[in-house]
Amino acid sequence: MAAVDVVVCNLVTLWRIPAVRHKFPWMFLLISVVGSFLKDFQLVPQTYFSSSRNFLNVYFVKVSWGWTVLLLTPFILLSNAAFSRNAIFLGRRLLSLAVATAVWYACTETFFYIEDVTGACFQTDSMDVPSGQFASKAECRRAGFHWHGYDISGHAFILTYSALFIVEETAPMASLKTEGMSTLPRLVLNLLYVALNLIVIIWVWMFICTSVYFHDVSHKLLGTASGLLAWYLTYRLWYLKPWSPGLPPKRQLKEQKQHT
């Protein structure tokens, strides 16, 4: 228990640093640009993470939204209940999960649609033998062929958006007084907080790997920009309004002071 408390304290101290919080979103854009440069000039050697079959990609990134929702749902309930047990308040805070899930679904489906309408099916990966009888990527792939279209990076989008979403929703830990909580809820909350920070580290690392090993530069930049825009429109614009799910408790107080 004491060791977990120390880890939590160090993580909270890190995220309290204004420069860390303010520059974290734009780090993704910088990594995307630098990583694309390194990829185009082949300056990074092939490693275990240059294969899409690596452990983190298969068991974490490909189900990244599942991990995010699985860990954030109980964390939001526990952390926000420490500020207020009002059912409407907690319901609004959980609504942020529904909004984020809708954003994730809408963006990924849009990316799939763009790839379908801009693509064509080929019998080989070199695109020298077309196979025109398939109208979608799914049909083409099921037939064992190769689909080539404008593939906006879903990995760049989801890793950016999920990491920013987690950082915003875990912000209450910076002002939460866990000493007053009973032992079990406090331990669960601390473990969830540590796990969510570990997930953020994994998302950043896999974002770096995506940037230096996969996709064309425009595909990555559009995916990253989509994640940043989704975060900005919700947490920096809409969630400041009274007819929204609202910001996490402490962040809300800070933002209100800044806008008065």
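**Exercise 1. Find which residue pairs with E169 in a salt bridge, and decide whether the partners are buried or exposed.**

Step 1. In this predicted model, the side chains of E169 and R93 form a salt bridge, with N and O 2.3 Å apart.

Step 2. E169 belongs to helix α7, and R93 to helix α5 (residues 87-117). The two positions are 76 residues apart in sequence, so the pair ties together separate parts of the chain.

Step 3. Check accessibility. Buried means under 20% relative accessible area. E169 has 0%, so E169 is buried. R93 has 1%, so R93 counts as buried.

**Exercise 2. Determine which helices the salt bridge between K137 and E115 links.**

Step 1. Start with the contact. The closest N and O atoms of K137 and E115 are 3.2 Å apart.

Step 2. Assign the helices. K137 lies in helix α6 (residues 137-142), E115 in helix α5. The bridge links parts of the chain 22 residues apart.

Step 3. Classify E115. Its relative accessibility is 4%, which means buried.

**Exercise 3. Work out how far apart in the chain D5 and R186 are, and classify D5 by accessibility.**

Step 1. D5 and R186 form a salt bridge, their closest N and O atoms lying 3.0 Å apart.

Step 2. D5 sits in helix α1 (residues 2-16) and R186 in helix α8 (residues 183-213). They are 181 residues apart.

Step 3. The buried class ends under 20%, and the exposed class begins over 50%. D5 has 23% relative accessibility, so D5 is partly exposed.

**Exercise 4. State how many salt bridges the whole structure holds, and name the residues that shared partners join into one network.**

Step 1. A search of the whole structure gives five salt bridges. Among them are E169 with R93, K137 with E115 and D5 with R186.

Step 2. Look for shared partners. Salt bridges of this kind join R21, E168 and R236 into one network.

**Exercise 5. Describe the largest cavity: its volume, its lining and the helices that supply the lining.**

Step 1. Count and size. The structure has one cavity of 30 Å³ or more. The volume of the largest cavity is about 60 Å³.

Step 2. List the lining. It consists of R21, F24, P25, L164, V167, E168, W231 and R236.

Step 3. Trace the sources. Helices α2 (18-40), α7 (154-169) and α9 (217-237) each supply at least two lining residues.

Step 4. Five lining residues are nonpolar, three are charged and none is polar.

Step 5. Connect with Exercise 4. R21, E168 and R236 line the cavity, and salt bridges join R21, E168 and R236 into one network.

Conventions
Residues are numbered from 1 along each chain as its sequence is written. This is a predicted model: local features need pLDDT of at least 70, side-chain atom pairs count only at pLDDT 80 or more; totals for chains, interfaces and linings use all residues. Side-chain values use heavy atoms; hydrogens and water are left out. On a 1 Å grid over the protein atoms alone, a cavity is a set of points where a 1.4 Å probe fits but cannot get out, and a pocket is an open set with protein on both sides within 12 Å along at least five of seven lines; lining residues have an atom within 4 Å of a point. Grid points are joined across faces, edges and corners, and a volume is the space filled by probe spheres set on the points. Helices (H or I, at least four residues) and strands (E, at least two) are DSSP runs, numbered from the N terminus. Ala, Val, Leu, Ile, Met, Phe, Trp, Tyr, Cys and Pro count as nonpolar, Asp, Glu, Lys and Arg as charged, and the others, Gly among them, as polar. A salt bridge is a side-chain nitrogen of Lys or Arg within 4 Å of a carboxyl oxygen of Asp or Glu. Buried means under 20% relative accessible area, exposed over 50%, partly exposed in between (1.4 Å probe, protein chains only).
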